[in-house]
Amino acid sequence: MSSAAAPLLLSAKQAFDLQKSASTAGGPSVSILDATWFMPNSPRKSKQEFLDKRIPESQFLDLDEVASPNELGLKHMMPDNQTFARACEKFGVSPNTHVILYDAHGVFSSPRALFMFRSFGHENSSIINGGLPQWVEDGLPTVSGQGVPEPKPATYPPPKLNEQAIRSYDQIVANTKCELAAPATSLVLDARPGGRFKGTDPEPRPGLSSGHMPNSFSLPFSMFLQQHKNKEGQTYSTFLPPDEVKKALENAVGAAEASKIISGERPVVTSCGSGMTAGVLWLGLKLLGVKQIGLYDESWTGYAMRSTSVIEKSSA
């Protein structure tokens, strides 16, 4: 849909320089979007934090609003192409705009937003590695208040969704019935904490069973990240270097399967609690050069809410 692919990760300084170049005559089209999302049980409110402190000229992307309705009432499901296109036009984004995404955690929800753009063929998209906290740490300017500027008008024809990007419940159930040794069976990488995967710790959603689906492996999304503290005392995350991301993958599935995933011999699907941090695993795999990665949109919540789902628990 869009022009040549942009880097998946940008430093805060690189994003600042791109934004600055966009303000010059004949400069590139750049749009910065705050894709911060908090867990429903968190007291923090992403829209309010955006108004309190944000990157200049940025706009707020609500991943729960730019989404499709779900039969189970699940949030932030992949939007249809019309919804995506309308959101892009609202943000002043055209198919050739370099979309730069960030969040207030460092790396948490921005990869899910990047997954959305890339799945609709908008290759000219990136996240800021370290997000708003890294921007602050690097001494770059921020603004606050209600005065969010109106973007320039833009036209965005409804794009085609990559059909391999999203996995449905039926596809996941079919995969659970396959022999793991079969080359066509997808390995499902589960980004939830290990205790929830094993079934020893509860899910945050009341009444929802913990555990895991057959043919899945535990790979908490935090294993792809490193933690920092900025000058304001805020803890935040950035991606580990690719060689350490690869080690984390090998620790989860073994060196042989990791090699097959990276080479494309073994299909791979990412999952989490609700489809948000599965984006972190998706992006980590993309940084390793994995070309085709599915994401189970409903993730564990959608799977475990259905009484017919096979749920495994283990101490291993």
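Guide: We can begin with helix H3, residues 81-90, whose buried residues are Thr83, Phe84, Ala85, Ala87 and Cys88. Buried means under 20% relative accessible area, exposed over 50%, and partly exposed in between, with a 1.4 Å probe and protein chains only. Helices (H or I, at least four residues) and strands (E, at least two) are DSSP runs numbered from the N terminus. This is a predicted model, where local features need pLDDT of at least 70 and side-chain atom pairs pLDDT 80 or more, while totals for chains, interfaces and linings use all residues. Residues are numbered from 1 along each chain as its sequence is written, and side-chain values use heavy atoms, without hydrogens and water.

Visitor: Which residue caps the N-terminal end of H3?
Guide: Aspartate 80 does, with a side-chain oxygen 3.2 Å from the backbone nitrogen of glutamine 82. Just after H3, glycine 92 has a positive phi of about 75°.

Visitor: How many disulfides does a search of the whole structure find?
Guide: A disulfide is a pair of cysteine sulfur atoms within 2.5 Å. Here the search finds zero. Cysteine 88 is buried at 2% relative accessible area, whereas cysteine 178 is partly exposed at 36%.

Visitor: Where does UniProt place the "domain: Rhodanese" feature?
Guide: UniProt annotations may be inferred rather than shown by experiment; positions follow the numbering used here and feature names are shortened. An unreviewed UniProt entry places this feature at residues 26-144 and 182-312. Residues 26-144 are 29% helix and 13% strand, with end C-alpha atoms 28 Å apart. Residues 182-312 are 33% helix and 18% strand, with end C-alpha atoms 20 Å apart.

Note on methods. A polar contact is a pair of N or O atoms within 3.5 Å; within protein, one must be able to donate a hydrogen and the other to accept it, and residues adjacent in sequence count only if both atoms are side-chain atoms.
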